[in-house]
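Let's take a walk through a protein model together. Keep the picture open beside you and look up each part as we reach it.

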Amino acid sequence: MRECRVKDFFAAGNGSPRLVIDVEDLWVRRDSHYVLEGITFSLREGTFLGVIGPNGAGKTTLVKAMLGLIKPSRGRITVLGMSPGELKHELHHIGYMPQQVLFDPYFPVSVYDVVMMGRTCCIGTFRLPRRGDREVVQESIAAVGLQGMEGKPIGELSGGQQKRAFLARAICLETSILLLDEPTAGLDMDSQENFMDLLMRLKEEKGLTVVFVSHDVNILARFADEMVCINRTMHLHGRPREVLGSERLKEAYRCEFDFLAGKGTGGGEA
Ligand SMILES: Nc1ncnc2c1ncn2[C@@H]1O[C@H](COP(=O)(O)OP(=O)(O)OP(=O)(O)O)[C@@H](O)[C@H]1O
Ligand SMILES: [Mg+2]
């Protein structure tokens, strides 16, 4: 029954790409001030969206609001035709790689376990994985090139291999949308290239829509179809060439200093 919501969503329409993410006048308050104000954009199926903005700009907050993990103070978010409240029953259609994955490097959790954790919402609480779950996990591990490393403790993998394992965890669902929060941060050039090749291959194979938060404008200039630049408010949305060539980009990054100085927070904390 629930499954039908996403299937119906993709089946409806005239065959042109569907609007899979629609954010309208989004305001989010943390503590005593607004960290997002009036964010509006939409994204069509199969698009790769790059999200940039200085530290503290609200990028992670935006991703978490899309997942329904943070409640907006105002505005509307629709993902796959659903509100965040409805989406919480359909989270297996969204693959999420958080900016920070906190784990004890000495805790003996294997690559296989980490990826299987991604299927928790499909398996259900207090249920054991079924054969289908185990197969999907193996396929996801193979898709990111970590076959043979299933039993290795996650803490013994290199940074690049760990990123691959977390990507496998994000795609081991019936994923339509990938929300990746700084997935290539800390990787060397080779590992970045490998990660991007892998991501673009998976995107094409599975027809994924990708939201990719990054400080690396070179990666986004190469791979993104569209970019948004935010710094509390929305500064730019367009093709990478338009965004990166815009005078308003400097304006967005200069705002960082006002923001850190506590000016213009709009929440009465100035
Ligand atoms: N749990 C929280 N409680 C209160 N304020 C928070 C919380 N998390 C983030 N913030 C604040 O929200 C603002 C936006 O933070 P966010 O993490 O979204 O920024 P970001 O653009 O992802 O930054 P970065 O590039 O450093 O990852 C910051 O001012 C931050 O201090
Ligand atoms: Mg962040």
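We will visit the sheets, then the ligand, and finally one loop.

First, some ground rules: this is a predicted model, in which local features need pLDDT of at least 70, side-chain atom pairs count only at pLDDT 80 or more, and totals for chains, interfaces and linings use all residues. Residues are numbered from 1 along each chain as its sequence is written, while chains are lettered from A and ligands numbered from 1 in the order in which they are written.

Start with an open sheet of three strands, ordered β2-β1-β4 with antiparallel pairing. Its edge strands, β2 (33-44) and β4 (74-79), each pair on one side only. From one strand to the next, the twist averages 15° (axes are lines fitted to C-alpha atoms, for helices over the stretch in contact, and angles run from 0 to 180 degrees between N-to-C directions). Strands here are DSSP runs of E with at least two residues, and helices are runs of H or I with at least four, numbered from the N terminus. Two strands pair if DSSP finds at least two bridges between them. Strand β1 (residues 19-30) is joined to β2 by eight bridges, and Val23 stands opposite Phe41 in β2.

Now find strand β6 (residues 177-181), where five of the five residues are buried. Buried means that 20 or more other C-beta atoms lie within 10 Å of a residue's own; with 12 or fewer it is exposed, and in between partly exposed, with C-beta atoms placed from the backbone. Ile177, Leu179 and Asp181 lie on one side of β6, and Leu178 and Leu180 on the other. Strand β5 (residues 94-97) pairs with β6 in the parallel sense over four bridges, and Tyr96 stands opposite Leu179. Strand β7 (residues 209-213) also runs parallel to β6, with five bridges joining them. There, Phe212 is the bridge partner of Leu180. Between β6 and β7 the chain passes through helix α8 (residues 189-206) in a right-handed β-α-β crossover: with the strands pointing away from the viewer, the path from the first strand over the helix to the second runs clockwise.

Next, look at ligand 1. The residues around it include Arg30, Asp31, Lys59 and Gln99; a residue is near a molecule if its C-beta atom, placed from the backbone, lies within 6 Å of it. Helix α2 (residues 59-66) gives the largest share of this shell, three residues.

Finally, Pro129 sits in the loop between α5 (120-123) and α6 (131-143). Pro129 is partly exposed because it has 15 other C-beta atoms within 10 Å.
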